[in-house]
Amino acid sequence: MAGFSLDLGPAKEPLGFIKFLQWIFSIFAFATCGGYSGKTSILLACKNAINVTWTRDFSYPFRLSKISFGPLVKEENCNNTWDSPSYLVGDFSSSAEFYVTFAVLVFLYCIAALILYLGYMHLYRGAGKLPLIDFIFTVIITFLWLVSTSAWAKALVDIKASTGPGIVMGNNFCHSQSPFCHFNEIRRMGSLNVSVVVGFLNLILWAGGAWFVYKETNLHSPPSSASPNATSSQSPPGM
């Protein structure tokens, strides 16, 4: 059985170079989403008193329905009664965890594929099954990038709505005591926007890389050039 034989040549070919890019972009995908931590706040406009700012932190995996505003003691809420907590809307952990977990698995797959390309390319191209298995995984990963990124993009829109100015109107106490409550500010979600963009870039990378993996399989048959003497070599009928 042939052993490991390091050869950096495949890294200069589209097959290896695109795999390296896929590895890098998978890191950006799970880092920009899984590493996010944000804040949102409400300003309580008190009459004849010091205004109160409520700040709440939220982060991955974005179980916002467990984050609450209130209750406040009587002195803090300007003598208004706020006995029970008011929770944010939505649990987006399924979409966020699916996106991040999938990106991590792709990261690990890219490492394994790069080891195969750079160390065992003689086995990869010498056995017909390995390129075919690689192609099947590439097609599946391409499809899952579309699914996971689309789901995460939709969840991000809902997260922005749940933690943005709508938290005042969605808060029963604030809604009944208007204009007692005002939306104050929210930490920017630039990294989350980047995570969606990176997800779709990964989709493009894997869709494009599928062609180069396909060329390594037995399914791809390059066009054969016909010999100019092919017709002349045929025996005449009746001979």
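Buried, in these legends, means under 20% relative accessible area. The model shown is predicted.

**View 1. Phenylalanine 62, a loop residue with a positive phi.** With a relative accessible area of 0%, phenylalanine 62 falls under that cut-off, so it counts as buried. You'll find phenylalanine 62 in the loop between strand 2 and strand 3. Its phi sits near 65°, a positive value in a residue that isn't glycine. Most residues other than glycine have a negative phi.

View 2. Most peptide bonds, by contrast, are trans. Where does proline 61 sit? Look in the loop between strand 2 (52-59) and strand 3 (68-69).

**View 3. Helix 2 packing with helix 3.** Here residues 14-34 (helix 2) pack with residues 93-119 (helix 3), the two axes lying 8 Å apart at an angle of about 155°. Angles over 145 degrees count as roughly antiparallel, so that's how helix 2 runs relative to helix 3. The contact between the two helices involves 20 nonpolar residues, four polar ones and one charged. As for handedness, helix 2 passes helix 3 in a left-handed crossing.

**View 4. Stepping back to the chain, with its eight helices and five strands.** Starting at the N terminus, the order of elements is α-α-β-β-β-β-α-α-α-α-α-β-α. Of the 239 residues in the chain, 38% are buried. Among contacts with a separation of 6 or more, 74% come from residues 24 or more positions apart.

Notes. Residues are numbered from 1 along each chain as its sequence is written. This is a predicted model: local features need pLDDT of at least 70, side-chain atom pairs count only at pLDDT 80 or more; totals for chains, interfaces and linings use all residues. Side-chain values use heavy atoms; hydrogens and water are left out. Axes are lines fitted to C-alpha atoms, for helices over the stretch in contact, and angles run from 0 to 180 degrees between N-to-C directions. Helices (H or I, at least four residues) and strands (E, at least two) are DSSP runs, numbered from the N terminus. Angles under 35 degrees count as roughly parallel, over 145 as roughly antiparallel, 65 to 115 as roughly perpendicular and the rest as oblique. A crossing is left-handed if the near helix is turned anticlockwise from the far one by less than a right angle, and right-handed if clockwise. Ala, Val, Leu, Ile, Met, Phe, Trp, Tyr, Cys and Pro count as nonpolar, Asp, Glu, Lys and Arg as charged, and the others, Gly among them, as polar. Buried means under 20% relative accessible area, exposed over 50%, partly exposed in between (1.4 Å probe, protein chains only). Contact means heavy atoms within 4.5 Å.
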